[in-house]
Amino acid sequence: MRLLIVEDDPDLQSVLVRSARKEGYSVDAASDGEEGLYKAQSTDYDAIVLDMMLPVLDGWEVLSRLRKTKTTPVLILTARDRSTDRVRGLDIGADDYLVKPFDSPELFARLRAIIRRGAKQARVVLELGEVCIDTAARAVTRAGKPVTLTAREYVVLEYLALHRGEVTSRTTLYEHLFDEEESTLSNILDVHIYNLRKKLGQEFIVTRRGHGYCIE
């Protein structure tokens with residue numbers, strides 16, 4: 001999953017980026033509203049963490065403009081704790097609102113929740129035949145037995161599972177696997193798919209030649 005973090009405080013931005021990558025996300029960052037809006041409009045992120053008190057364009061304006069063209073899930077992360085601010089943020093299109101200072105586990109639980117809702121998957125545990133994916137614990141079992149996955153293998157699996165029945169192109173998977181600071185290898189996705197099939201069954205992920213992959 002790929003996140004955009006729009007935060008002008010360099011220390012907090014650095015902490016958020018490191019924490020999100022530790023959670024297995026690919027992460028891009030922006031330090032002002034104009035840069036954040038540009039990235040949010042030009043890339044299909046799985047979720048956006050948006051501060052309100054930003055230079056150039058404030059978070060209200062970023063969110064208002066973004067909602068004219070995109071439905072990307074947005075979590076407002078701000079020091080503004082008044083009820084009127086929360087109501088305003090939710091009314092102009094935010095999916096959730098968290099006040100600073102915050103607890104990191106709560107932040108990522110809220111992100112997982114809005115990502116599931118964005119993919120129209122309300123359930124925390126996704127059941128795919130004998131394979132179960134606990135999106136809260138980021139744990140996978142097959143026939144009741146734990147399956148050990150790397151962080152990237154899990155991200156590929158979760159994305160395909162959240163879009164079950166849809167064919168996902170290689171380009172889309174690359175966009176959600178890698179952030180703008182990473183260099184990608186052309187065959188790395190094939191390696192992840194191969195390993196997932198080895199662990200979960202050869203027929204678990206179906207290849208649609210010339211189109212992409214899907215879980216049926």
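**Reading the model**

Reply: Ile115 is buried, with a relative accessible area of 8%. Buried stands for under 20% relative accessible area, exposed for over 50%, and partly exposed for what lies in between (1.4 Å probe, protein chains only). The model is predicted, so local features need pLDDT of at least 70 and side-chain atom pairs count only at pLDDT 80 or more, while totals for chains, interfaces and linings use all residues. Residues are numbered from 1 along each chain as its sequence is written, and side-chain values use heavy atoms, with hydrogens and water left out.

Me: Where is Ile115 found, and what does Ile115 touch?

Reply: Helices (H or I, at least four residues) and strands (E, at least two) are DSSP runs, numbered from the N terminus. Ile115 is found in helix H5 (residues 104-118). Contact means heavy atoms within 4.5 Å. Not counting residues up to four places away in sequence, Ile115 touches Met1, Leu3, Tyr25, Asp46, Ala47 and Leu162. From C-alpha to C-alpha, Ile115 and Glu158 are 11 Å apart in space, and they are 43 residues apart in sequence.

Me: Is Leu12 buried or exposed?

Reply: Leu12 is buried, at a relative accessible area of 19%. Leu12 is found in helix H1 (residues 10-22). With neighbours within four places in sequence left aside, Leu12 is in contact with Glu7, Lys100 and Phe102.

Me: How should I read the faces of a helix, and which residues of helix H2 are buried?

Reply: An α-helix has 3.6 residues a turn, so residues three or four places apart point the same way. In helix H2 (residues 33-42), the buried residues are Gly33, Gly36, Leu37, Lys39 and Ala40. Seen down the axis of H2, they fall within an arc of 165°, so they line one face of the helix. That arc is taken over the directions from the helix axis to the C-beta atoms. Glu34 and Tyr38, on the other side of H2, are exposed.

Me: What covers the buried residues of H2, and what is found at the start of H2?

Reply: The cover includes strand E1 (2-6), strand E2 (26-30), strand E3 (47-50) and helix H3 (59-66). At the start of H2, a side-chain oxygen of Asp32 reaches to within 3.0 Å of the backbone nitrogen of Glu34. A polar contact is a pair of N or O atoms within 3.5 Å; within protein, one must be able to donate a hydrogen and the other to accept it, and residues adjacent in sequence count only if both atoms are side-chain atoms.

Me: Next, the salt bridges. How many does the structure hold?

Reply: A salt bridge is a side-chain nitrogen of Lys or Arg within 4 Å of a carboxyl oxygen of Asp or Glu. The structure holds 16 salt bridges. One of them joins the side chains of Glu35 and Lys39 (3.3 Å, N to O). Both residues lie in helix H2, 4 residues apart, about one turn of the helix. Glu35 is partly exposed, at 31% relative accessibility, whereas Lys39 is buried, at 11%.

Me: Which helices hold Asp190 and Arg170?

Reply: The side chains of Asp190 and Arg170 meet in a salt bridge (2.9 Å, N to O). Asp190 lies in helix H8 and Arg170 in helix H7 (residues 170-177), so the pair ties together parts that are 20 residues apart in sequence. Asp190 is partly exposed, at 33% relative accessibility, and Arg170 is partly exposed, at 29%.

Me: What about Glu216 and Arg208?

Reply: Their side chains meet in a salt bridge (2.2 Å, N to O). Glu216 is exposed, with a relative accessible area of 53%, whereas Arg208 is partly exposed, at 33%. Elsewhere, salt bridges that share partners join Glu7, Asp51 and Lys100 into one network.

Me: Last, the sheet. In what order do the 4 strands stand?

Reply: Strands of a sheet pair through backbone hydrogen bonds, either parallel or antiparallel. Two strands pair if DSSP finds at least two bridges between them. Here 4 strands form an open sheet in the order E6-E7-E8-E9, with antiparallel pairing. Strand E6 (125-128) and strand E9 (145-147) stand at the edges, each with a single partner strand, so one side of each is left without a neighbour in the sheet. From one strand to the next, the twist averages 25°. Strand E8 (residues 139-142) pairs with E9 over 3 bridges, and the bridge partner of Val140 in E9 is Val147.

Me: Which helices lie across these strands?

Reply: Axes are lines fitted to C-alpha atoms, for helices over the stretch in contact, and angles run from 0 to 180 degrees between N-to-C directions. Helix H6 (residues 151-162) lies across E6, strand E7 (131-134) and E8, at about 100° to E7. Helix H8 (residues 188-200) lies across E7, E8 and E9, at about 50° to E8.
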